[in-house]
Amino acid sequence: MSQSIQFSTPSRTPHLLNLPHSQFNRPLSSIAFRRFPLTTIKYTSIRASSSPSPSPDLDSSSSSSSQVLLSPNGTGAVKSDERSVAVTAVTTDTAGIEVDTVTEAELKENGFRSTRRTKLICTIGPATCGFEQLEALAVGGMNVARLNMCHGTRDWHRGVIRSVRRLNEEKGFAVAIMMDTEGSEIHMGDLGGESSAKAEDGEIWTFTVRAFDSSRPERTISVSYDGFAEDVRVGDELLVDGGMVRFEVIEKIGPDVKCLCTDPGLLLPRANLTFWRDGSLVRERNAMLPTISSKDWLDIDFGIAEGVDFIAVSFVKSAEVINHLKSYLAARSRGGEIGVIAKIESIDSLTNLEEIILASDGAMVARGDLGAQIPLEQVPAAQQRIVQVCRGLNKPVIVASQLLESMIEYPTPTRAEVADVSEAVRQRSDALMLSGESAMGQFPDKALTVLRTVSLRIERWWREEKRHESVPLQAIGSTFSDKISEEICNSAAKMANNLGVDAVFVYTTSGHMASLVSRCRPDCPIFAFTTTTSVRRRLNLQWGLIPFRLSFSDDMESNLNKTFSLLKSRGMIKSGDLVIAVSDMLQSIQVMNVP
């Protein structure tokens, strides 16, 4: 039983451009949840017809005594009465449906409202690069695996990428891969092969541009920027990794700069360096460095060859850099689309925030480096502004850096860290990211568990308090067809909240309409059905989306019947569940109970 409204855009509709906004946003107060004919509304005519019957192949499949499904681990299963027997997977099976194994288990056990809306990203490092460790992270809720190109060789990263792909294929996950470029800001070297070094209060350390053929001297750190010794002055304050360790410059001797440790801490390989003079960031030289270095371009070529899903660009200063990279990717990625994530971590990024986000496919609030360039007390306000701008422009946003920093060494977080994570969830960020906690920490699984449990609790509190957001989102559609899709998704989210539906179904080829529904942050989960594996993985970054891979056609009734049959067979939905379905192929919206 369903009520359907479909929109089609005529080739020439000048008289429709002045339609009042309210015509697209009127509440559907006359919906009756009983079986009735499908009504199709077009701009040029109105016609009524009976709901089309299910497609012959689906009908015969559902009526037979056995049914071929796609099991969570990617193999087929023949279901006969109450028993299932595993069979060999058929890759051309158009009736198959793929969904994340953990999400499927959550839906079966606890229902629609149990699913987590905030996505989780884990940086992969020595502590988590093995197949078993990656599987543990995926089971724990990892949606995206991040590769930090500041560390490790390309062969090492290639091994991680292939392990993640194998995990997806064999275990039924949809973990996406994000490659994070190093950037050409000033940073430390590799610490002579050591994993870390401890700087104590009052110690004298040497920062140098010299290269060492043999072992480096004790308390000596190489610096990536050749002009470092000339630019820095005695009395300057040197901040490592956004202020995790602080030094004061006390002497310059040729290429060497002697520094006194004033705030002790842990020095990590390739950590970012900034220096301050008279209370202000020294950024003249930094501004002259290119955003994408020659090494970054080689890493980007590596990412294209390996088919990563996202490339995060460090220290973005303007939209021009993003546009240049996207043109490069379009020409070289062999038809595969790679999302570009702009890392907001500098004063220039904040100055040009709107144009950078508009040009990008998403943004990351890199609070560690951002806190080294603006006063610390301004970081929370900057974070909230970035999250709001991203949501307004329909771009996924990641909150990163030092979420659970103490868990690198300790098995439980501080209460302040939990409050920080809670605030990011309350701001409706799309994703939260672990850095050192999962890359080199002693308790990566526990850190991920903290993110997951805090996200679930805050999201449940939000729903229990019925904190529906009343602030209208800005219009972003550039064409008339885009505006129709936007209005449909806005209406679908509003109806979902008002009617208390169990889920919103979105049938999308590119993922755009699913992102529009996600932007509205409805209370119920969003089932995003797409035909391609790469789009399914990219959707795993966006708030509230549960991405499925499913072959479907332009016939919405056939798609719905097929989807209902498959999901009911898997125990993910049941008869009587109330859903809203939207489609970017026919620009339609329907409300129905699962038969």
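Predicted model: local features only at pLDDT ≥ 70, side-chain atom pairs only at ≥ 80, totals over all residues.
Trainee: How many residues does H12 have, and what distance does it reach from its first C-alpha to its last?

Mentor: The general idea is to set the end-to-end distance beside the expected span, at 1.5 Å a residue. H12 comprises residues 379–392, which is 14 residues, and reaches 20 Å, close to the 20 Å expected.

Trainee: Which residues of H12 are buried?

Mentor: A residue is called buried when its relative accessible area is under 20%. In H12 the buried residues are Val379, Ala382, Gln383, Ile386, Val387, Val389, Cys390, Arg391 and Gly392.

Trainee: Turning to charged pairs, how many salt bridges does the structure hold?

Mentor: There are 32 salt bridges in the structure. Arg219 and Glu203, for instance, form a salt bridge whose closest N and O atoms are 3.3 Å apart.

Trainee: Are Arg219 and Glu203 buried or partly exposed?

Mentor: Arg219 is partly exposed, at a relative accessible area of 34%, whereas Glu203 is buried, with 14% relative accessibility.

Trainee: What separates Asp299 and Lys295 within helix H7?

Mentor: They stand four residues apart in H7 (residues 294–306), and are therefore separated by about one helical turn. Asp299 is buried, at 1% relative accessibility, while Lys295 is partly exposed, at 30%.

Trainee: Which residues are linked with Lys295 and Asp299 in a network of salt bridges?

Mentor: The network links Arg154, Glu182 and Arg270 with Lys295 and Asp299.

Trainee: What is the N-to-O distance of the salt bridge between Glu337 and Arg538?

Mentor: The side chains of Glu337 and Arg538 meet at 3.6 Å. Glu337 lies in the loop between helix H8 (319–332) and strand E21 (339–344), and Arg538 in helix H18 (residues 533–539), so this pair ties together parts that are 201 residues apart in sequence.

Trainee: Is Glu337 buried or exposed, and is Arg538 buried or exposed?

Mentor: Glu337 counts as exposed, with 52% relative accessibility; Arg538, at 14%, counts as buried.

Notes:
Residues numbered from 1 in each chain as written. Heavy atoms only, no water. Salt bridge = Lys/Arg side-chain N within 4 Å of Asp/Glu carboxyl O. Buried < 20%, exposed > 50% of the residue type's maximum accessible area, 1.4 Å probe, protein only. Helix = DSSP H or I, 4+ residues; strand = E, 2+ residues; numbered from the N terminus. Expected span 1.5 Å × (residues − 1).
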